[in-house]
Amino acid sequence: SGSQHRILSAAAMCFYGVKYAATLHLLMESASGSGFVIATLAMSAQLKMNMVCVVFLLMQFIWKMFISYKDQYMITPQFIMAITVSDSLIWLVLFMWVYCKFNSLLVTLQDQKLGSEIV
């Protein structure tokens, strides 16, 4: 029936949103060096990463809802394009953020290697 389809659709959207948010969280935590360069992250850094992931999860869910129900609610193509472009720009910002964190982690690891070779 229609209600079962909506429940399955919402569950699928939640699953995909959680998958993307969990991947983002793991990337950010790995890029910060948590667990192998530093023991744990500061509480403020963890809170910041968790807030970014929650906002990202909500954005993914809203975006997927608009895309899935665009015909049912007669959403204009211009609005869908605006949402898609803004989502792509946010993906670009997140990619650059994680890339910069990995780059700074690489420098930290190289400095530690040089420091251990000198001693």
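Is Cys-100 buried, partly exposed or exposed, and what is its relative accessibility? In this predicted model, Cys-100 has a relative accessibility of 47% and therefore counts as partly exposed, since that class lies between 20% and 50%. Cys-53, in contrast, counts as buried, because its relative accessibility is 8% and the limit for burial is under 20%.

Aromatic contacts were examined next. The count of aromatic pairs is six. One of the pairs joins Phe-15 and Tyr-16, with ring centres 5.6 Å apart and planes at 65 degrees; the pair is therefore edge-to-face, as the angle is over 60 degrees. Phe-15 is exposed, with a relative accessibility of 53%, whereas Tyr-16 is partly exposed at 38%.

An edge-to-face arrangement is also found for Tyr-69 and Tyr-73, where the centre-to-centre distance is 6.1 Å and the planes are 70 degrees apart. Within this pair, Tyr-69 has a relative accessible area of 13% and is therefore buried.

Tyr-20, Phe-56 and Trp-91 make up one aromatic cluster. Tyr-20, a member of this cluster, also takes part in a contact with a charged group: the charged end of Lys-19 is placed over the Tyr-20 ring, at 5.3 Å from the ring centre. This distance falls within the 6 Å limit for such a contact.

Notes:
Residues numbered from 1 in each chain as written. Predicted model: local features only at pLDDT ≥ 70, side-chain atom pairs only at ≥ 80, totals over all residues. Heavy atoms only, no water. Phe/Tyr/Trp six-rings, centres within 6.5 Å; stacked < 30°, edge-to-face > 60°. Buried < 20%, exposed > 50% of the residue type's maximum accessible area, 1.4 Å probe, protein only. Lys NZ or Arg CZ within 6 Å of the ring centre and 35° of its normal.
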